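Subject: Structure handover

Hello,

Please find the structure below. My notes on it follow.

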Amino acid sequence: MTTIDASRPIDLASRPDNYLTHTRGFLSWALTLDHKRIGVMYMAAVLVSFFVGGVFALLVRTELLTPGQTIPGVTADVYNQFFTLHGAIMVFLVIIPSIPAALGNFVLPIMLGAKDVAFPRLNLGSFYLWLAGAAFTLVSLAMGGFDTGWTFYTPYSTTTTTGGVIPVLFGVFILGFSSIFTGMNFVVTVHKLRPPGMTWFRMPLFLWAIYATAIIQVLATPVLAITLMLVVIERTINIGIFDPSMGGDPVLFQHFFWFYSHPAVYIMILPAMGIISELISVHAHRHIFGYKFIALSSIAIAIFSFLVWGHHMFTSGQSPLMNTLFSLISFSVAIPSAVKVFNWLTTLYKGNISLTTPMWYALSFMVLFTIGGLTGIHLATLNTDVHLHDTYFVVAHFHYVMMGSALIGMIGGLHHWWPKMTGKMYSEKLGTAACIIIFIGFNVTFFTQFYLGAKGMPRRYYDYLPEYQTYHVISTIGSYIMASGFFLTAYCLLSSLYSGRKAAANPWGGGSLEWQCTSPPPHDNFAVQPSVGDCYDFRALRWDETTQGYVNDPALAAEAARNPLH
Amino acid sequence: MTRRLRPRLHEIRSTDRTKDLAVSTLHTSQATAHEAHGHDAHGHGDHAKYPFLQHHFDTPAHQFDSAKLGMWLFLATEVLFFGGLFVAYAVLRSRFPEVFSYASHYLDTLMGGVNTCVLILSSLTMALAVRFAQTNRTKAMVWCLVLTFMGAVGFMVIKYFEYSHKIHEHLVWGKSFYVPPPDQAGAEEAKVISTAPAPAPVALTVANPAAPSVASLVSTPPVEASAIKPAAAAPGGLASVREQATAEGLPVADNDPAFAHPSMHLADPKMPANTHLFFAIYYCMTGLHGIHVLAGMVMLAWLIWRGARGDFNSNYFTPVDVGGLYWHIVDLVWIFLFPLFYLIH
Amino acid sequence: MIAPLHTLVAALAADTTPQGTAWLPPAASNIAQSVDPMFYAINWICYIFFFGILAALVYFVVKYRVRKGQAFRSDGPLHHLPLETSWAVVPLLIVIVIFYIGFRDFLNISTPPKNAYVVQVTAQKWAWNFKYPNGATSDDLYVPAGRPVQLTMRASDVLHCCYIPDFRVKKDLVPGRYSYLWFQADDVSGQNPHNLFCTEYCGTGHSTMNRKVHVLAQEDFDAWLVEQSQWLDKIPEEELFFRAGPKIYARCQQCHSLDGTKGIGPSWKGLWSRVHGGEGSNEKFGDGSTYASLIGPGKKYATPEDYLRNSILNPGSELVGGYGNAMPSFKGQLNDKAIDAVIGMMQHLDDFDPKTGKYLKEAPAAPKVSMK
């Protein structure tokens with residue numbers, strides 16, 4: 001049942017080649033079919049988009065320092081474009097591809113024990129579709145931008161005079177297909193490329209999460225695609241399906257949109273939950289508690305995600321019966337989420353916790369996700385949601401889930417797999433400090449917004465009544481703190497590329513297959529078929545001072561084999 | 001279809017799996033034995049034997065199964081892609097049942113029926129092509145692919161005639177639906193009608209309960225005032241144009257030539273309001289389907305080219321097989337579209 | 001971490017000041033009476049779970065932290081079916097109870113009583129219009145205290161949403177549909193009128209689309225209603241443009257400036273000269289025609305007034321070059337007298353302050369009217 005072979009280190013000597021140095025030149029990257037390189041390119045692209053989206057977020061927060069105009073030149077129209085861009089970039093270009101396409105691409109095949117994803121060419125195609133989608137977003141900026149909000153609600157989106165609406169709709173359409181193809185790739189990879197011995201219930205929980213995510217991507221995204229095409233057609237030739245003045249129904253758009261976009265929330269959060277399962281277990285050096293419950297709760301969340309879209313529309317005038325059903329089913333999502341949180345918590349119990357940077361991110365995630373999840377109760381409850389809908393309470397809630405959880409999970413995962421991806425160790429002190437700064441900044445920014453929303457401050461407001469200003473100022477200061485934390489993170493990671501010490505194959509003591517190959521991994525991942533055991537059984541591992549990493553100890557392995565855990 | 005071939009593929013797979021199992025047994029029992037049974041040792045033979053076999057698959061069957069699963073997933077996305085439009089269709093039809101049963105009569109059932117047959121036949125030839133590919137009858141396979149391609153061409157030609165006829169009659173989406181065809185007699189009256197102010201959206205029928213008062217800054221909005229768009233920008237007819245013409249006091253005699261042409265929907269006093277929505281969803285759905293047929297034609301042309309080059313044989317027919325799956329789903333969508341639009345009574 | 005604690009203390013005190021409680025704004029309607037306890041009950045459940053989880057998290061991290069090289073223990077449980085089932089089932093039971101109470105109350109919120117006093121609400125970019133049974137209209141909402149009020153709402157361009165935080169009510173206004181919202185406010189609002197916001201994003205003026213809600217005692221409300229319905233009629237024709245004009249212009253100023261600044265729509269400055277064949281009358285429309293080619297005897301509009309009137313009622317029929325079709329029709333919103341007042345104001349534009357639209361000349365003593 002051991003997972004790490006004592007004979008492993010010979011790899012370093014016999015195969016100095018790794019995926020970064022395997023071939024050289026621009027084209028060797030641009031035309032690569034290696035999932036690791038594609039993952040790294042996705043990661044770079046996503047982080048650049050994150051920077052751009054973050055700049056818009058800071059502009060929005062700065063503008064809200066005072067009622068009325070704060071930044072010279074930023075009128076209501078400009079502000080509307082800012083928050084629309086912030087939302088659209090963060091959702092479609094950053095969070096949705098961040099974990100599945102970037103980290104997932106890098107980690108999934110290695111974790112699974114496969115040489116690549118099932119369709120490497122399609123994988124590269126997905127990346128270029130992502131680039132095309134991003135390019136369309138830029139084109140739309142050149143053509144006058146768009147001020148529809150990231151939700152593109154009709155009839156505003158079909159009548160607004162900003163010139164960039166159609167290009168950005170095409171952009172999101174293309175990004176949708178990028179996401180669909182990634183999802184298809186991962187589902188087939190998990191089904192067909194598991195090596196012998198990698199049974200479903202031996203898969204690391206991150207793979208369960210990615211698998212559940214991929215199913216949502218495949219099944220929900222096409223509906224968004226066709227909906228956006230209908231909006232494009234509506235805008236260009238006025239067919240009237242969403243146009244109330246022609247007998248159409250604008251609320252139908254909302255149903256279509258949320259049929260995708262609610263599952264999309266789980267496309268964002270599920271993989272982050274998978275990462276946290278890995279992080280908590282590996283950095284607490286303790287077998288994950290309740291593996292099956294966590295794995296199946298991912299599937300449960302994927303299924304529920306398709307049945308709750310109507311809770312975005314409690315005040316839109318849909319029938320009370322539908323509101324009731326959607327409210328009830330929305331509550332049911334609380335169950336698998338609660339199971340995950342409690343199981344992570346119990347994994348810490350009697351663990352061997354190392355407070356590494358990834359562990360700090362995992363702990364931040366648990367706190368922030370708990371707040372985000374619990375405030376979801378206010379919003380799923382029908383009568384309180386009427387008061388809170390479309391206020392800053394909602395803004396705070398979904399930032400706790402989408403940023404505080406999904407993005408923090410992504411950055412935690414990035415720190416976790418950074419040594420594997422780059423072969424370098426970053427400064428733990430800097431990384432931890434940055435994590436704590438981000439955590440503090442995040443809470444100052446967004447917890448304040450719960451107050452704002454409960455007090456009645458509507459979202460997407462350029463101007464506001466003076467009584468809300470105190471909260472807005474605190475929130476803006478928090479966003480600056482958070483931004484400085486992210487800059488520190490960027491410095492910490494980038495500087496490690498130049499001055500970081502060489503990473504061991506297994507710096508954290510992980511048990512899943514990616515820690516069996518060198519850091520960075522060789523071109524085709526595994527020189528030999530890896531043997532698959534219980535990836536959460538860490539008993540055979542021993543800290544090795546010379547390599548500054550964990551190695552497999554045959555004596556410990558033998559002892560572990562004598563005392564099976566189950 | 002693939003039954004006869006299956007055993008062969010399974011043979012390849014099962015022998016290989018046995019090898020894998022043997023390897024993995026070795027792994028667990030004797031860690032040091034790894035190197036001897038590494039990646040290069042196992043599967044090397046298959047990769048040398050089958051040039052099309054990609055490095056991360058063990059056997060041709062493994063690659064084939066993966067491609068097929070991928071295609072099925074893609075078909076699932078296609079179903080949901082069309083599914084959005086089917087839901088839009090259902091919503092519109094439940095809101096305006098009379099529109100659908102009325103406007104359906106403007107569609108040419110014969111042409112639609114012929115097209116259905118053409119697609120079903122092309123599905124058959126596609127299935128035969130897969131079969132011939134599996135049995136190494138390359139020439140027959142190419143011919144079947146060509147026949148399938150011809151079916152697609154035929155479908156598009158018939159569709160072209162249907163579309164152009166309807167567009168000529170202004171049986172189209174949106175505002176143009178209410179513009180009379182230019183070559184009709186009585187164009188004068190028709191022009192008057194088409195430029196008449198917009199009527200009320202039919203969706204708004206709730207009476208205003210407020211009592212009117214002349215003294216008000218704002219006079220009671222009659223239902224008409226709830227026009228969603230500025231009146232002049234609203235489409236030329238949400239109510240029947242004829243009703244509207246009558247309401248405007250325009251001469252609409254029963255024997256008026258403007259309304260006498262049998263194919264002119266605008267002349268029909270029984271035409272329900274919002275009939276343009278039927279054509280909006282009709283063009284959306286059949287148009288999207290048509291785009292899929294075009295994509296299928298590109299795919300078929302590529303298959304014919306590769307088939308003629310001799311790429312496919314009983315060991316490697318994955319592109320033909322998954323291409324066939326795609327072509328069948330395109331046909332299947334039409335099988336649903338045909339009754340939903342043409343056969344409503 | 002401090003924030004919830006602070007709230008906890010404040011919630012315990014549960015003081016209902018005019019500023020509201022720690023979390024919520026003042027509770028000024030019957031609906032607030034049922035929503036607020038629910039909100040705080042959920043808050044309490046959240047506090048218990050959150051601080052429970054946080055305490056366990058901190059305790060475990062402190063207690064089970066190890067340093068590098070320390071021997072690892074492996075005696076932690078791997079799974080525990082009763083425990084795991086219980087933390088699936090207990091939250092389920094809690095949320096079912098929450099759901100049921102929320103649902104019961106929501107039915108009440110979404111069913112206006114039969115005897116409610118009905119106010120018609122129209123929202124358009126970016127203004128509210130409230131219309132009362134006797135025909136009176138207002139820009140702020142006035143409601144009688146102590147009786148149910150129903151808002152029957154529609155939007156005339158895009159989605160809007162009517163939200164009154166102090167009443168805890170909110171409902172979307174969807175073009176092509178009527179939607180309802182109801183509440184009963186028992187206390188007269190006096191000097192502290194309640195806020196009314198648009199909470200469905202609707203473009204440029206979204207954030208300024210907020211108004212006040214005044215709750216008046218029934219007698220005051222009746223008196224206000226009578227006065228409000230008659231104010232325009234009481235103004236003699238010759239005083240119309242400076243008495244009524246600026247008040248009506250308040251609804252136009254979002255888009256049309258008086259000082260020549262380009263807004264969503266063209267400025268009124270110079271408009272009178274443009275439509276009268278003076279300076280700027282050759283300015284092009286979107287379709288290539290000009291003011292001069294459209295207005296005049298025998299042309300599309302016989303008089304400038306015809307053109308101006310049509311631009312208010314059918315704004316999309318001629319679009320001044322460089323401007324989109326953004327203006328909603330005021331058909332049914334402005335009657336003939338009101339339109340005359342607007343046109344009169346355009347004619348005498350020099351007499352008005354170009355920034356505020358205030359009448360600059362000495363107005364003759366007028367009967368006291370209020371447009372509030």
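Chain A is divided into two domains: domain 1 takes in 1–30 + 504–566, and domain 2 covers 32–503. Please keep in mind that this is a predicted model. The centres of the two domains of chain A, taken over C-alpha atoms, are separated by 31 Å. Contact between them involves 30 residues of domain 1 of chain A and 32 residues of domain 2 of chain A. On the domain 1 side, the touching residues are 16 nonpolar, 10 polar and 4 charged.

Helix 13 of chain A

Helix 13 of chain A runs over residues 357–380, which is 24 residues. As for burial, 24 of the 24 residues of helix 13 of chain A are buried, so the helix is largely enclosed by the rest of the structure. The cut-off for buried here is 20 or more other C-beta atoms within 10 Å.

Two packed helices are described by the angle between their axes and the distance between the axes. For helix 13 of chain A and helix 16 of chain A (residues 428–454), the axes come within 9 Å and cross at roughly 10°. Angles under 35 degrees count as roughly parallel, so helix 13 of chain A is roughly parallel to helix 16 of chain A. Helix 13 of chain A contributes A:Thr357, A:Trp360, A:Tyr361, A:Ser364, A:Leu368 and A:Thr375 to this contact. From helix 16 of chain A come A:Glu428, A:Gly431, A:Thr432, A:Cys435, A:Ile436, A:Phe439, A:Phe442 and A:Phe450. By class, the residues of this helix-helix contact are 8 nonpolar, 5 polar and 1 charged.

Backbone points to check

Most residues other than glycine have a negative phi, and most peptide bonds are trans. The following entries depart from one or the other.

- A:Phe152 has a positive phi near 55° and is not a glycine. A:Phe152 sits in the loop between helix 5 and helix 6 of chain A, and it counts as buried because 24 C-beta neighbours lie inside 10 Å.
- The peptide bond from A:Thr154 to A:Pro155 is cis, with omega near -5°. A:Pro155 is placed in the loop between helix 5 (120–142) and helix 6 (156–159) of chain A.
- A:Gln548, also not a glycine, has a positive phi of about 55°. A:Gln548 is in the loop between strand 3 (541–544) and strand 4 (549–552) of chain A, and with 14 other C-beta atoms within 10 Å it is partly exposed.
- C:Lys125 and C:Trp126 are joined by a cis peptide bond, with omega about -10°. C:Trp126 belongs to the loop between strand 1 (117–124) and strand 2 (127–131) of chain C.

Chain C and its contact with chain A

The contact between chain A and chain C takes 82 residues from chain A and 75 residues from chain C. The chain A side of this contact divides into 43 nonpolar, 30 polar and 9 charged residues.

Chain C itself is divided into domain 1 (2–64 + 79–109), domain 2 (117–231) and domain 3 (237–351). The C-alpha centres of domain 2 of chain C and domain 3 of chain C are 28 Å apart. Between these two domains, 10 residues of domain 2 of chain C are in contact with 6 residues of domain 3 of chain C. The touching side of domain 2 of chain C has 2 nonpolar, 5 polar and 3 charged residues.

One residue of chain C was looked at individually. C:Ala292 lies in helix 8 of chain C (residues 291–294). With 17 other C-beta atoms within 10 Å, C:Ala292 is partly exposed. Leaving out residues up to four places away in sequence, C:Ala292 touches C:Gly277, C:Ser281 and C:Asn282. C:Ala292 and C:Gly280 are 12 residues apart in sequence, with a C-alpha to C-alpha distance of 9.1 Å.

Chain B

The secondary structure of chain B comes to 10 helices and 0 strands. Of the 345 residues in chain B, 40% are buried. Among the contacts in chain B with a separation of 6 or more, 76% are between residues 24 or more positions apart.

Regards

Notes:
Residues numbered from 1 in each chain as written. Chains lettered and ligands numbered in written order. Predicted model: local features only at pLDDT ≥ 70, side-chain atom pairs only at ≥ 80, totals over all residues. Helix = DSSP H or I, 4+ residues; strand = E, 2+ residues; numbered from the N terminus. Expected span 1.5 Å × (residues − 1). Buried ≥ 20, exposed ≤ 12 C-beta atoms within 10 Å, placed from the backbone. Domains from an automatic or database assignment. Contact = placed C-beta atoms within 7 Å. Nonpolar A, V, L, I, M, F, W, Y, C, P; charged D, E, K, R; others polar. Axes fitted to C-alpha atoms, helices over the stretch in contact; angles between N-to-C directions. Parallel < 35°, antiparallel > 145°, perpendicular 65-115°, else oblique.
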